[in-house]
Amino acid sequence: MTTVREAAFELFREHGMTTIFGNPGSTELPMLAEFPDDFRYVLALQEAVAVGMADGYAQASGLVTQVNLHTAPGVGNGMGAIFNAQANHSPLLVTAGQQVRAQVTMNANLTNRDAIRVVHPFVKWSFEPPRAEEVPLALAHAIRKATLPPRGPAFVSVPMDDWTAEVGEAESKHAIERSVTARAGADPETVKALAKRIAEAKNPVLVAGPDIDASEAWDDAVALAERQKLPVFASPAPGGGRLGFPEDHPLFQGVLPPAIGPLAETLKGRDLILVVGSSVFPYYPYIPGPLLPEGALLVAITSDPDEAARAPMGDAIVADVGLTLKALVAELEEGNRAEPTPLPDPEPGEETDPLTPTMVNHTLAGVFPEDGIVVLESPSSTLSLRNQMRISKPGSYYFGAGGGLGFGLAAALGVQLAQPDRPVVCVLGEGSAQYAISGLWTARAYEIPVTFCVLRNEEYAILKWFAEIEEVKGAPGLDLPKVETAEVAKGYGVASSRVSGREELAEALKKAISSEAPELVEVPVTPGMALF
Ligand SMILES: Cc1ncc(C[n+]2csc(CCOP(=O)(O)OP(=O)(O)O)c2C)c(N)n1
């Protein structure tokens with residue numbers, strides 16, 4: 001006989017889930033008892049940070065990742081980050097403790113009274129096993145749900161007295177040993193038909209989305225674009241949590257605007273729009289217009305049946321992105337279209353005092369290591385960073401596709417833990433940094449050597465920009481004077497500096513990037529949007 005806890009940890013081991021993120025309470029202690037030596041527990045001081053770290057770790061490692069939360073209030077604190085993980089297609093096993101079974105019906109203190117419903121819209125599956133013996137089976141089920149396409153969070157609530165219950169072989173051994181694979185290619189006839197459409201199109205375009213990166217299919221996307229001389233756009237930035245195509249490639253034409261009208265306008269004159277690994281489209285804000293330019297056909301390849309079903313226009317093929325790209329390349333001959341004009345080199349403009357966000361991103365690009373990774377949450381300068389840095393290696397860019405702030409700082413820690421040999425630079429607006437600021441403590445406590453670059457513009461710049469678009473006048477709460485992020489970092493034990501001028505910034509970034517400890521560099525910048 002073995003206990004639920006022994007069976008669960010064996011199951012986690014089997015799936016490589018030996019890093020667990022969390023914030024514990026009394027209801028979670030029984031799970032953590034006699035914590036095995038081959039596991040590591042990463043403590044966050046607030047649950048949104050625990051979930052955000054797990055999200056970054058899951059995406060950057062490709063492993064389903066557990067985050068353990070404290071019954072109802074812990075789950076509540078983590079909800080915004082669970083929403084983000086769903087948008088990021090991040091495979092998470094979210095677990096939460098529950099009262100002992102004998103006290104659930106009477107709703108004793110800390111009972112998660114409707115545990116299954118609380119997280120419901122943000123997870124793929126939500127469950128509380130009816131018997132302690134079924135906990136390993138439920139965890140195995142959730143792990144599979146999280147990893148099957150589309151990947152995303154799944155939730156299990158575990159009554160705290162379950163962990164010491166005994167389970168027999170029937171409930172544990174088979175659950176642990178099973179494997180389920182789901183990389184399914186598209187129907188060969190469908191691929192042939194699409195290849196023919198591409199070959200015959202006069203002015204086709206490829207839109208590369210985040211799931212190309214998650215499917216490790218950069219080479220296939222490049223092979224397709226090069227073979228058919230397809231101009232390539234990145235899917236709109238708000239939903240583009242990862243990059244699907246090298247942004248310094250001569251065929252790369254930029255990031256699509258995220259609103260309906262401007263997006264269709266950008267693709268004007270195209271007769272075939274092939275969207276790969278993205279929803280169609282992650283629109284925001286609402287700027288109406290035609291969904292497609294006149295005369296254009298759209299075909300999306302996605303592993304997410306929901307993305308295929310909810311798209312307002314175009315055809316869709318639900319299949320593994322990488323396998324389908326490979327199959328398409330095999331069907332296509334060299335195209336002889338004229339290649340598009342490459343994007344001009346990024347221009348940072350003049351050095352100002354304070355620096356523009358564009359100059360900050362340009363300076364970062366100048367000192368950025370070959371194998372560096374950017375985690376970005378600086379809303380008003382997202383496009384500027386993309387343009388100035390032109391990131392061109394897979395697995396090198398993470399951005400919260402859900403739009404819930406707090407992802408950036410937390411996810412950077414998870415990404416760094418998953419990729420310990422690659423330098424991680426986390427670029428944050430000073431407003432965004434505050435949503436997960438206690439993550440700085442985790443960075444210091446676990447010696448996670450992320451470089452945080454915080455842009456201080458003393459405002460919620462992007463909201464002022466939205467206010468203009470929405471014709472909102474006189475809204476309060478959009479200014480952010482005197483948030484001393486560098487000082488706050490010191491309080492958490494993280495070395496920090498406040499710099500001004502290009503040279504000082506470059507030096508500080510170089511030092512922080514090469515340091516084996518986390519460091520934070522705060523740089524005052526001009527207010528307003530930075531689009532280039
Ligand atoms: C959890 C959450 N709360 C609020 C928002 C709304 N919001 C979007 S951008 C933004 C301002 C971010 O400020 P900052 O990081 O300083 O970036 P800036 O716009 O100045 O570049 C806010 C509050 C959000 N996206 N997520």
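This is a predicted model: local features need pLDDT of at least 70, side-chain atom pairs count only at pLDDT 80 or more; totals for chains, interfaces and linings use all residues.

Guide: Gly 429 sits across from Leu 455, which belongs to strand 18. Strands here are DSSP runs of E with at least two residues, helices are H or I runs of at least four, and both are numbered from the N terminus. Residue numbers start from 1 along each chain as its sequence is written, and side-chain values use heavy atoms, with hydrogens and water left out.

Back to that pairing. Strand 17 (residues 424-429) runs parallel to strand 18, with 5 bridges between the two; two strands count as paired once DSSP finds at least two bridges. Strand 18 is also joined to strand 20 (residues 519-524), again in parallel, by 6 bridges. There, Val 454 faces Glu 522 of strand 20.

How many residues of strand 18 are buried? The count is 6 of the 6 in residues 451-456, so the strand is largely enclosed by the rest of the structure. Buried means under 20% relative accessible area, exposed means over 50%, and partly exposed is in between, with a 1.4 Å probe and protein chains only. In a regular strand, side chains alternate between the two faces of the sheet. Here Thr 451, Cys 453 and Leu 455 point one way, while Phe 452, Val 454 and Arg 456 point the other, and all are buried.

Now for the ligand. There are 16 residues around it, and Ser 380, Gly 403, Gly 431, Ser 432 and Asn 457 come nearest; a residue belongs to this shell if one of its heavy atoms lies within 4 Å of the ligand. By type, the shell has 7 nonpolar, 7 polar and 2 charged residues. In that scheme Ala, Val, Leu, Ile, Met, Phe, Trp, Tyr, Cys and Pro are nonpolar, Asp, Glu, Lys and Arg are charged, and the others, Gly among them, are polar.

Some of the atom pairs are worth a look. One oxygen atom of the ligand is 2.5 Å from a polar side-chain atom of Ser 380. The side chain of Ser 432 has an N or O atom 2.6 Å from a ligand oxygen. Gly 403 uses its backbone instead, with a polar atom 2.8 Å from a ligand nitrogen. On its own the ligand has 590 Å² of accessible area, and the protein covers 77% of that (Shrake-Rupley method, 1.4 Å probe). Helix 17 (430-433) and helix 19 (461-469) are the elements that give two or more residues to the shell.

Aromatic rings come next. The whole structure has 12 aromatic pairs; rings of Phe, Tyr and Trp (its six-membered ring) pair when their centres lie within 6.5 Å, and planes under 30 degrees apart are stacked, over 60 edge-to-face, and the rest tilted. Phe 9 and Phe 39 are an edge-to-face pair, 4.9 Å centre to centre with 75 degrees between the planes. Both Phe 9 and Phe 39 are buried. Tyr 284 and Phe 466 are edge-to-face too, at 5.4 Å and 85 degrees. That pair links distant parts of the chain, 182 residues apart: Tyr 284 is in the loop between strand 12 (272-276) and strand 13 (297-302), and Phe 466 is in helix 19. Phe 466 counts as buried because its relative accessibility is 14%, whereas Tyr 284, at 46%, is partly exposed.

Glu 14 is partly exposed, with a relative accessible area of 48%. From Glu 14 to Cys 453 is 439 residues in sequence and 37 Å in space, C-alpha to C-alpha.

Methods: A polar contact is a pair of N or O atoms within 3.5 Å; within protein, one must be able to donate a hydrogen and the other to accept it, and residues adjacent in sequence count only if both atoms are side-chain atoms.
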